[in-house]
Amino acid sequence: MIAFEGNPLKVPAGISVAAALLASGARHFRSSVVGQAPRAPYCMMGVCFECLVEIDGVPAQQGCAVSVREGMRISRQDGAVELADLSFGETS
Ligand code: FES
């Protein structure tokens, strides 16, 4: 079980976050930086960055490149990410 925008979703194990959300009917993964237009995955192979979501509090994660894990909390990526919000692999 994962959650997208607070809504619980039962999804198959071993698939990407983007595939899981698309299969669950989600079509608005992020909002564009300019104009706040709703965006959704396009390439599904890590090239277009249209699938950016926030996963467990970490912004700007490529949904097509991350596998679902039990208990994952996923939110839409709204607009640009502040540089200070990115951890670059650091643990605190
Ligand atoms: S869908 Fe293109 S980078 Fe994820």
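Analyst: Start with accessibility: buried means under 20% relative accessible area, exposed means over 50%, and partly exposed is in between, using a 1.4 Å probe and protein chains only. This is a predicted model, where local features need pLDDT of at least 70, side-chain atom pairs count only at pLDDT 80 or more, and totals for chains, interfaces and linings use all residues. Residues are numbered from 1 along each chain as its sequence is written, and side-chain values use heavy atoms, leaving out hydrogens and water.

User: Why is alanine 60 called partly exposed?

Analyst: Its relative accessibility is 26%. Alanine 60 lies in strand β6. Strands (E, at least two residues) and helices (H or I, at least four) are DSSP runs, numbered from the N terminus.

User: Where does aspartate 56 lie, and is aspartate 56 buried or partly exposed?

Analyst: Aspartate 56 lies in the loop between β5 and β6. Its relative accessibility is 31%, so aspartate 56 counts as partly exposed. β5 and β6 form a hairpin with two residues between them, and aspartate 56 is in the turn.

User: What makes β5 and β7 a pair?

Analyst: β5 and strand β7 (residues 73-78) pair over three bridges, in the antiparallel sense. In β7, isoleucine 55 has isoleucine 74 as its bridge partner.

User: Why is glutamine 61 called partly exposed?

Analyst: Its relative accessible area is 25%, so glutamine 61 is partly exposed. Glutamine 61 is in strand β6 (residues 58-62). Not counting residues up to four places away in sequence, it touches Cys51, Leu52, Val53 and Ile55. Contact here means heavy atoms within 4.5 Å.

User: Why does arginine 30 count as buried?

Analyst: Arginine 30 has 13% relative accessibility, so it counts as buried. Arginine 30 is in strand β3 (residues 30-31). Leaving aside neighbours within four places in sequence, its contacts include Ala37, Phe49 and Gln77.

User: What makes the side chains of arginine 30 and glutamate 50 a polar contact?

Analyst: A polar contact is a pair of N or O atoms within 3.5 Å; within protein, one must be able to donate a hydrogen and the other to accept it, and residues adjacent in sequence count only if both atoms are side-chain atoms. The side chains of arginine 30 and glutamate 50 make such a contact at 2.6 Å.

User: Which residues have the most contacts inside the largest nonpolar core?

Analyst: They are Ile2, Val17, Leu21, Ile55, Met72 and Ile74, in a core of 18 residues. A nonpolar core is a set of buried Ala, Val, Leu, Ile, Met, Phe, Trp, Tyr and Cys residues joined through side-chain atoms within 4.5 Å. β1 (2-4), α1 (17-23) and β5 (52-55) each supply at least two residues of this core. α1 gives the most, with four residues.

User: Why is the pair of phenylalanine 4 and phenylalanine 29 called tilted?

Analyst: Rings of Phe, Tyr and Trp (its six-membered ring) pair if their centres lie within 6.5 Å; planes under 30 degrees apart count as stacked, over 60 as edge-to-face and the rest as tilted. By this rule there is one aromatic pair. Phenylalanine 4 and phenylalanine 29 are 6.3 Å apart centre to centre, with 45 degrees between the planes, and so form a tilted pair. Phenylalanine 4 lies in strand β1 and phenylalanine 29 in the loop between α1 and β3, so the pair ties together parts 25 residues apart in sequence. Both are buried.

User: How many disulfides are found in the whole structure?

Analyst: The search finds zero disulfides. A disulfide is a pair of cysteine sulfur atoms within 2.5 Å. Cysteine 51 is buried, at 3% relative accessible area, while cysteine 48 is partly exposed, at 25%.

Methods: Two strands pair if DSSP finds at least two bridges between them.
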